[in-house]
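This briefing concerns a predicted model.

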There are 2 protein chains.
Amino acid sequence: MSERHLQIIGLKPEAKEEYIRLHHIVWPEVEARLSASNIENYTIFNHGDLLLGYFEYTGIDYAADMAAMAADPITQQWWKLTDPCQQPLPAAAAAGKMWDDAVELWHLA
Amino acid sequence: MSERHLQIIGLKPEAKEEYIRLHHIVWPEVEARLSASNIENYTIFNHGDLLLGYFEYTGIDYAADMAAMAADPITQQWWKLTDPCQQPLPAAAAAGKMWDDAVELWHLA
């Protein structure tokens with residue numbers, strides 16, 4: 001069983017080139033930490049000034065797995081590079097969040 | 001091998017309830033036609049006034065598979081219900097398209 005997630009955030013136009021460059025070479029430690037937090041089949045897409053991240057969560061405690069990722073020092077260093085490229089959407093910004101979750105309406109296997 | 005796709009389109013606020021209702025019971029013929037066109041793991045998400053569709057294409061001729069879907073009479077009937085709920089984004093509308101494709105930046109298996 002897996003939970004499907006789609007997250008959305010703004011991409012600052014002036015940081016688009018840098019964000020794309022960073023994602024040519026995502027640090028192996030960051031990818032390993034995502035996998036350790038039971039995130040699979042993760043793809044980040046760009047459309048205009050939006051970033052869209054799709055992934056499947058296969059663990060049993062999402063909050064704990066996300067907290068373990070956020071506590072990882074190398075992931076924190078990575079986010080110091082990527083966060084300044086991103087612009088949370090208004091509702092997420094008001095809640096102090098970065099990526100905002102979309103709601104699944106329908107799925108076809 | 002599969003190609004990952006993320007597509008985006010606007011959702012008219014006044015049609016949101018109807019669009020969600022339609023997707024509680026997508027017609028089996030529409031789902032079968034998607035599968036016959038080699039579309040797998042297809043999820044439609046909603047965020048605000050946006051719809052976001054993620055799917056994996058496992059065929060070898062995407063254009064032909066999409067054309068076969070568009071030529072299917074039952075799929076055409078379905079789109080007569082869903083199209084009026086949707087508002088193509090400006091670039092797609094200018095190109096005479098409905099859903100617009102995002103660009104993959106990075107993937108983690």
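Between chain B and chain A, 23 residue pairs are in polar contact, both residues being at pLDDT 80 or more. A polar contact is a pair of N or O atoms within 3.5 Å; within protein, one must be able to donate a hydrogen and the other to accept it, and residues adjacent in sequence count only if both atoms are side-chain atoms. The model is predicted: local features need pLDDT of at least 70, side-chain atom pairs count only at pLDDT 80 or more, and totals for chains, interfaces and linings use all residues. Residues are numbered from 1 along each chain as its sequence is written, chains are lettered from A and ligands numbered from 1 in the order in which they are written, and side-chain values use heavy atoms, leaving out hydrogens and water.

**Interface**

- In chain B, 35 residues are in contact with 35 residues of chain A, contact meaning heavy atoms within 4.5 Å.
- The two chains bury about 3,200 Å² between them, 68% of it on carbon and sulfur atoms; this is the accessible area (1.4 Å probe) lost on being put together, summed over both parts.
- By class, the side of chain B that touches chain A has 20 nonpolar, eight polar and seven charged residues.

**Salt bridges**

- Over all chains, the whole structure has six salt bridges.
- One pairs A:Glu18 with A:Arg21, with the closest N and O atoms 3.1 Å apart.
- Both A:Glu18 and A:Arg21 lie in helix H1 (residues 16–22) of chain A, three residues apart, about one turn of the helix.

**Helix packing**

- In chain B, the axes of helix H2 (residues 28–36) and helix H4 (residues 73–82) come within 9 Å and cross at roughly 120°.
- At this crossing, B:Glu29, B:Val30 and B:Arg33 in H2(B) meet B:Ile74, B:Thr75 and B:Trp78 in H4(B).
- In chain A, A:Glu29, A:Val30 and A:Arg33 in H2(A) meet A:Ile74, A:Thr75 and A:Trp78 in H4(A).

Terms used
Axes fitted to C-alpha atoms, helices over the stretch in contact; angles between N-to-C directions. Helix = DSSP H or I, 4+ residues; strand = E, 2+ residues; numbered from the N terminus. Nonpolar A, V, L, I, M, F, W, Y, C, P; charged D, E, K, R; others polar. Salt bridge = Lys/Arg side-chain N within 4 Å of Asp/Glu carboxyl O.
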